[in-house]
Amino acid sequence: MKKNLFFLLLILAFAINCANSPQPNTQASQTTENNPKTETKAEAKAENKTEATTQNAQTNNDVVKRGAPLGNATAIPVVQVLENPKAYEGKTLTVEGKIARVCQEKGCWLELTEKEGDPGLRITFKDYGFFVPTDSQGKKVKAEGIIELKTLKKDVVDHLISDGSKMKQKSDGTADIVGLVASGVELYKN
């Protein structure tokens, strides 16, 4: 009887300890532009990461830095990437250009282009881990990350266009984009 009582107390203590200990976050952060529901979950998660975002952000009078520090690679003009995106697909590089459009709700994406109104290089941020100021339009930017060529579904395209993005839709409502998933960005005063 004493053994049974001892084991019962041991199991109870273990259960209480497990319930009170913090659980590690083993679920990977999922953000794909092809799944608005996942993006919404990521947005909610990112809103709770303001402390982490603040630690990754630096601001001075001339430069606003977000995410990881940029490497020493020579920056490639955005027009060069847009002329032949397949040559850069899957490669990590640093691009530079002028911000044509930025997400006005949170600063969670931006677009670089040479001609206003044209689709450009769409920049999103790795793991939805940081944002840029919503008043960044017109500023010079350098961004480091991986170039991706994607076809976005119609519902995603419609959502992004409603947010101010410029895309050339195909007849079925989808759109091909040139994207860069940035690990870090630097915004400069003009």
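Reply: Here is the pair of cysteines C103 and C108, then T113, then the whole chain.

This is a predicted model, where local features need pLDDT of at least 70, side-chain atom pairs count only at pLDDT 80 or more, and totals for chains, interfaces and linings use all residues. Residues are numbered from 1 along each chain as its sequence is written, and side-chain values use heavy atoms, with hydrogens and water left out.

Start with the cysteines. A disulfide is a covalent bond between the sulfur atoms of two cysteines. Here it is called when a pair of cysteine sulfur atoms lies within 2.5 Å. The whole structure has zero disulfides. For C103, the nearest cysteine sulfur belongs to C108, 3.6 Å away. C103 is buried (under 20% relative accessible area; exposed is over 50%, partly exposed in between; 1.4 Å probe, protein chains only). Its value is 2%. C108 is buried too, at 12%.

Now T113. It sits in the loop between β5 (109-112) and β6 (121-125). Strands are DSSP runs of E, at least two residues; helices are runs of H or I, at least four; both are numbered from the N terminus. T113 is buried, at 8%. Leaving out residues up to four places away in sequence, T113 touches K98, A100, R101, D118, P119 and G120. Touching means heavy atoms within 4.5 Å.

Step back to the chain. It has five helices and eight strands. Of its 190 residues, 37% count as buried.
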